[in-house]
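Colleague: I have a chain here that I would like to go through with you. Could you take my questions one at a time?

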Amino acid sequence: MHANRFHATDKLIDALYTEAMLLADEARGYFDSVGREDRAAMPPLERVTFSCESLKVTTRLMHVVAWLLARRNGAQTSNPLSAASESGPAELASLPHEAQLIVKASADLYDRVSRLDERLGEDLGESPVLGLQNRLARAF
C-alpha cells in the first residue's frame with residue numbers, strides 16, 4: 001500500500017476513534033441519567049428491551065474502540081472486527097427518540113468500521129480463504 005494511503009487510513013482511523021469515544025460518552029450520559037428515567041416510565045417488557053438495546057450499543061462501541069485502538073497502535077494485521085448483535089426495527093421503534101438516535105448512530109459507526117476492516121483486509125493481501133472465514137465469522 002502506498003505511503004499516502006497509509007496516512008489517509010491513519011487519519012480516518014483517528015477520526016473514527018474520536019467519533020466512537022464521543023458517542024460512547026453520549027451513550028453513557030444518556031443511559032446513566034435521562035435513560036433511567038425513560039426506562040422507569042416504560043411497561044416491564046419495554047424496560048427489558050431498553051436494557052438489551054443499551055447493552056447492544058455498549059457492545060458495538062467496545063468492539064469498534066478495541067479494533068480502532070489496535071489499528072492506531074500499529075497492528076496492521078489486527079483481528080477482524082468482532083461481531084455485534086443488530087437491533088431489530090420493532091425493538092428500535094419501542095425506544096424513546098433519544099435512545100433510537102444513539103442505537104442508530106452506534107450501528108452506523110459499527111457498519112462503517114466493518115467496511116473499513118474488510119477493505120484493509122483486502123489491501124493487505126488477505127488470502128481468499130481467510131477472507132471468507134472472516135466474513136463468515138462476522139455473519140454469525
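The questions below go from the whole chain to single residues.

Modeller: This is a predicted model, in which local features need pLDDT of at least 70 and side-chain atom pairs count only at pLDDT 80 or more, while totals for chains, interfaces and linings use all residues. Residues are numbered from 1 along each chain as its sequence is written, and side-chain values use heavy atoms, with hydrogens and water left out.

Colleague: How many helices and strands does the protein chain have?

Modeller: Helices (H or I, at least four residues) and strands (E, at least two) are DSSP runs, numbered from the N terminus. From that end, the elements run α-α-α-α-α-α. The count is six helices and zero strands.

Colleague: What share of the residues of the protein chain count as buried?

Modeller: Buried means under 20% relative accessible area, exposed over 50%, and partly exposed in between, with a 1.4 Å probe and protein chains only. The accessible surface, from the Shrake-Rupley method with a 1.4 Å probe where only the protein chains shown count as cover for residues, comes to about 8,400 Å². Carbon and sulfur atoms hold 57% of that surface. Of the 140 residues, the buried share is 32%.

Colleague: Which residues is V113 in contact with, leaving aside its neighbours within four places in sequence?

Modeller: Contact means heavy atoms within 4.5 Å. With those neighbours set aside, the partners of V113 are L16, V64, W67, L68 and L81.

Colleague: What distance separates the end C-alpha atoms of α3?

Modeller: The expected span of a helix is 1.5 Å times one less than its number of residues. For the 29 residues of α3 this gives 42 Å, and the model agrees. Its buried residues include F50, V57, V64 and L68.

Colleague: How are the rings of F31 and F50 arranged?

Modeller: Rings of Phe, Tyr and Trp (its six-membered ring) pair if their centres lie within 6.5 Å; planes under 30 degrees apart count as stacked, over 60 as edge-to-face and the rest as tilted. The structure holds three aromatic pairs. In this one, F31 lies in helix α1 and F50 in helix α3, so the pair ties together parts that are 19 residues apart in sequence. With centres 5.5 Å apart and planes at 65°, the pair is edge-to-face.

Colleague: Which residues form an aromatic cluster with F31?

Modeller: F31 is buried, and F50 is buried as well. Both belong to one cluster, and the other two members beside F31 are Y30 and F50.

Colleague: Which residue lies over the face of Y17?

Modeller: A charge sits over a ring if NZ of Lys or CZ of Arg is within 6 Å of the ring centre and within 35 degrees of the ring normal. Y17 is in helix α1 and counts as buried at 18% relative accessibility. Leaving aside neighbours within four places in sequence, Y17 is in contact with V65, L68, L69 and R72. The residue over its face, at 4.2 Å from the ring centre, is R72.

Colleague: Is T49 buried or exposed?

Modeller: T49 is found in helix α3. Not counting residues up to four places away in sequence, T49 touches E91 and S94. At 18% relative accessibility, T49 counts as buried.

Colleague: Which residues is S85 in contact with, leaving aside its neighbours within four places in sequence?

Modeller: S85 lies in the loop between α3 and α4 (89-93). S85 is partly exposed, with a relative accessible area of 48%. From S85 to V57, 28 residues apart in sequence, the C-alpha distance is 9.1 Å. The contacts of S85 are K56 and R60.
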